[in-house]
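Good morning, and thank you for making time for this item on the agenda.

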Amino acid sequence: MAKEFVKIFDTTLRDGEQVPGCKLNTSQKLVIAKRLDKLGVDIIEAGFPVSSPGDFKSVVEISNIVENATVCGLTRAVKNDIEVAANALKTAKRPRIHTGIGTSDSHIEHKFKSSREKIIEIGSQAVKYAKTFVEDVEFYAEDAGRTDNEFLARVCEKMIESGATVLNIPDTTGYCLPYEYGEKIKYLIENVKNIHKATISCHCHNDLGLATANSIAGIINGARQIECTINGIGERAGNTSLEEVVMIMRQHPNLNLDTNINSKLLFDTSNLVSDGMGMPVQPNKAIVGANAFAHSSGIHQDGVIKNRETYEIINPLDVGVNESAIILTARSGRAALAYRAKKIGYDLSKNELDLIYPEFLKFADMKKEVLDEDIPLIIKKSL
Ligand code: KIV
Ligand code: ZN
């Protein structure tokens, strides 16, 4: 059966850039936008044009240079926001306006001091107005994660009727459990009239560490777009991590889902964003962390040296990492020591290894990690 494609909507330059200290200037944003286009993302959310003159300029310039991806600008359900976004996107080959409003009772009551009916009307007017500028209009139901499903279905139906091509169902506060988020998507697919006319999009935040799991639950239940960021950066605990959802689809062929992402560019892209934003990637981050392909316990090292697949489910080359790393520590065994010594030109016999290993352990107990340059010293001392 042919695979179905899930669109990757990258919001590194919008939701990702909202993080304190991660502000980028226009030229840095252009470098990242170019890379995202090369990486194969389907949509680049370039910014929130009305928010500042700098963001407006960035969206204009990104619109000028992006070759393949759709370029998207965020707005509130406010006429002026929509006009400003439409202006910023004028030169984009494929422009999209992303407009919306909070739909949970909490947002309606406390943020808007309004009513459900009025919120539907404001959202619908915003979609219709955006539609006068561009064909491709995405509607977000902010805090959809905490919006009751029946009302959310009414909102979605009205937005499709008003012309929305994509319905974004954000778990804005990262509250949902994966089965709940999945059921929400299923409910919409089963209950919204004309749902086939729009793509459902997952936009999940990571407050409980569930953003990736929720997005995957969403696509398993029929959503066909994921909104995500490189390295999972974003408001508070971050957004769904692009590299994680892409590799989950690749590593699980039975999902029968794929993306247009060139996964070999993932590691470099992660570094580019991390360097540009001055936001280090945690070493144990899935896919792109420094330790994602590093093995340090003797049992694991022995297995990986015999056959990589014993302890690795992803070939590092597939995500642009040159090779798995065998880290020498006091937990390493003879196999790892022999492997690393061979890499720098010492082909040790079993007897030689037996002699060297106790010296290696003494050394390793003193240091956190034994480096290539330490190996000749250890050999010299013990042979
Ligand atoms: O998290 C969220 O709800 C958002 C919307 C503005 C799409 O980022
Ligand atoms: Zn968000």
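I shall speak about the ligand site and then about several individual residues.

First, the conventions. This is a predicted model, in which local features need pLDDT of at least 70 and side-chain atom pairs count only at pLDDT 80 or more, while totals for chains, interfaces and linings use all residues. Residues are numbered from 1 along each chain as its sequence is written, chains are lettered from A and ligands numbered from 1 in the order in which they are written, and side-chain values use heavy atoms, with hydrogens and water left out.

Let me turn to the ligand. Which residues surround ligand 1? The shell consists of R14, D15, H98, Y140, E142, N168, P170, T172, H203 and H205; a residue is near a molecule if one of its heavy atoms lies within 4 Å of it. By class, two of these residues are nonpolar, five polar and three charged. In that scheme Ala, Val, Leu, Ile, Met, Phe, Trp, Tyr, Cys and Pro count as nonpolar, Asp, Glu, Lys and Arg as charged, and the others, Gly among them, as polar. Two strands, β6 (136-142) and β7 (166-171), each supply at least two residues of this shell. Strands here are DSSP runs of E of at least two residues, and helices are runs of H or I of at least four, numbered from the N terminus.

Several polar contacts, meaning pairs of N or O atoms within 3.5 Å, involve the ligand. Within protein, one atom must be able to donate a hydrogen and the other to accept it, and residues adjacent in sequence count only if both atoms are side-chain atoms. A polar side-chain atom of T172 lies 2.7 Å from an oxygen atom of ligand 1. For D15, the distance from a polar side-chain atom to a ligand oxygen is 3.1 Å, and for H203 the corresponding value is 3.1 Å. Taken alone, ligand 1 exposes 260 Å², of which the protein buries 92%; these areas come from the Shrake-Rupley method with a 1.4 Å probe.

I move on to side chains that contact the backbone. D374 belongs to helix α14 (residues 374-382), and its side chain reaches the backbone nitrogen of L371 at 2.8 Å.

N191 lies in helix α7 (residues 178-191) and is partly exposed at 39% relative accessibility. A polar atom of the N191 side chain is 2.8 Å from the backbone oxygen of Y187. The C-alpha atoms of N191 and E157 are separated by 9.0 Å, with the two residues 34 apart along the chain.

N307 is placed in the loop between α11 (298-306) and β12 (325-326). There, a polar atom of its side chain lies 2.9 Å from the backbone nitrogen of E309, and N307 is partly exposed at 42%.

Finally, the backbone angles. K113, in the loop between α4 (105-111) and α5 (116-131), has a phi near 45 degrees, a positive value in a residue other than glycine. K113 is exposed, at 68% relative accessibility. I287 likewise has a positive phi, near 70 degrees, but is buried at 10%; I287 is found in the loop between α10 (266-277) and β11 (294-295).

Note on methods
Buried < 20%, exposed > 50% of the residue type's maximum accessible area, 1.4 Å probe, protein only.
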